[in-house]
Amino acid sequence: MQEILRNIGIVLAILAIVIGTAFSVIGIIGYIRLPDVYTRLHATGKVSTFGMVLLFIASALVIPVGWTKAILLIALVLIAGPVVSHAIASAAYRIGLPMKHVVRDDLAEKMGP
Amino acid sequence: MEQLLTIVLYTSLVIHLALVAVCVWKVWHGNNSIDRLIGADLIGTLALAVLVLISLIEQTSIYIDAAVGLAALGFIGTVALARFIADRRVP
């Protein structure tokens with residue numbers, strides 16, 4: 001019984017590691033290929049949430065006493081990742097970096113000239 | 001089953017180290033300061049992933065403690081640098 005549960009945990013961990021690595025690779029490809037800063041931030045946000053959280057889930061499943069620390073890390077990363085993306089995008093807008101293929105810009109009229 | 005897990009772990013570790021090398025190259029040849037800041041933040045995030053993968057390979061949870069500290073410090077550093085750039089105190 002113990003053996004079967006351990007094997008089920010290892011299979012789930014392998015799935016989580018493969019999917020998380022795929023998210024990281026896709027995010028870095030987007031960071032290289034996309035045209036401007038804001039779309040690059042959209043791609044790298046996926047690395048810092050989905051890729052990391054799936055790896056932490058794998059470590060919670062496999063390491064014997066590590067699941068409380070893994071849950072603490074998941075909470076920390078889920079709070080910190082969007083905050084970092086928002087801070088960088090706000091800084092990019094404030095120093096006036098241009099957008100490619102812009103359709104409309106609501107923030108321009110709200111912030112004034 | 002354990003052998004398959006080991007193979008997957010080492011492959012993922014090599015892939016993440018290659019991604020760190022790509023980010024270092026992008027920080028070196030970035031277009032503007034925000035681009036380089038995104039690259040530095042990605043290096044911190046991928047270092048977190050490397051620490052977790054090492055703890056999975058060694059089957060100890062001591063590396064996850066280091067990962068908690070790295071996550072908190074990297075978050076504070078990136079937000080502080082973004083505020084400095086937004087106030088134009090860094091060119």
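The questions below concern a predicted model.

Colleague: Which element of chain B has the highest mean pLDDT?

Modeller: For chain B the average pLDDT is 89, and 98% of the residues score at least 70. Among the elements of this chain, α3(B) has the lowest mean, 90. The highest mean, 92, belongs to α1(B).

Colleague: How many helices and strands does the secondary structure of chain A come to?

Modeller: Along the sequence, chain A follows the pattern α-α-α-α. The count is accordingly four helices and zero strands.

Colleague: What radius of gyration does chain A have, beside that of a compact globule of 113 residues?

Modeller: The C-alpha trace of chain A spans about 70 × 25 × 15 Å along its principal axes. For a compact globule of 113 residues, the radius of gyration would be near 13 Å. The value for chain A is 19 Å.

Colleague: Are α1(A) and α2(A) roughly parallel or antiparallel to each other?

Modeller: Helix α1 of chain A covers residues 2-33 and helix α2 of chain A covers residues 37-62; their axes come within 8 Å and cross at roughly 165 degrees. The crossing is left-handed, and the residues of the contact divide into 18 nonpolar, seven polar and two charged. Angles over 145 degrees count as roughly antiparallel. The two helices are therefore roughly antiparallel.

Colleague: What is the radius of gyration of chain B?

Modeller: Chain B has three helices and zero strands, and its elements run α-α-α from the N terminus on. Its C-alpha trace spans about 55 × 25 × 15 Å along the principal axes. A compact globule of 91 residues would have a radius of gyration near 12 Å, whereas chain B has 16 Å.

Colleague: How do α2(B) and α3(B) pack, and what is the direction of one relative to the other?

Modeller: The axes of α2(B) and α3(B) are 9 Å apart, and the angle is about 175 degrees. That angle makes the two helices roughly antiparallel. The contact includes B:Leu37, B:Leu48 and B:Leu51 of α2(B), together with B:Leu70, B:Gly74 and B:Leu81 of α3(B), among others. By type, the residues of this contact divide into 16 nonpolar, five polar and one charged.

Colleague: How many residues of chain A are in contact with chain B, and how do the residues on the side of chain B divide?

Modeller: The contact involves 40 residues of chain B and 45 residues of chain A. On the side of chain B, α1 (2-28), α2 (33-58) and α3 (62-86) each supply at least two residues. The residues of that side divide into 26 nonpolar, eight polar and six charged.

Colleague: Are α2(A) and α2(B) roughly parallel or antiparallel?

Modeller: These helices belong to separate chains, and they pack at an angle of about 10 degrees with their axes 10 Å apart. Angles under 35 degrees count as roughly parallel, so the relation of α2(A) to α2(B) is roughly parallel. As for the residues of their contact, the division is 15 nonpolar, six polar and two charged.

Notes. Residues are numbered from 1 along each chain as its sequence is written. Chains are lettered from A and ligands numbered from 1 in the order in which they are written. This is a predicted model: local features need pLDDT of at least 70, side-chain atom pairs count only at pLDDT 80 or more; totals for chains, interfaces and linings use all residues. Two residues are in contact if their C-beta atoms, placed from the backbone, lie within 7 Å. Ala, Val, Leu, Ile, Met, Phe, Trp, Tyr, Cys and Pro count as nonpolar, Asp, Glu, Lys and Arg as charged, and the others, Gly among them, as polar. Axes are lines fitted to C-alpha atoms, for helices over the stretch in contact, and angles run from 0 to 180 degrees between N-to-C directions. Angles under 35 degrees count as roughly parallel, over 145 as roughly antiparallel, 65 to 115 as roughly perpendicular and the rest as oblique. pLDDT is the predictor's confidence in each residue, from 0 to 100. A crossing is left-handed if the near helix is turned anticlockwise from the far one by less than a right angle, and right-handed if clockwise. The radius of gyration is taken over C-alpha atoms; the globule rule is 2.2 Å times the number of residues to the power 0.38.
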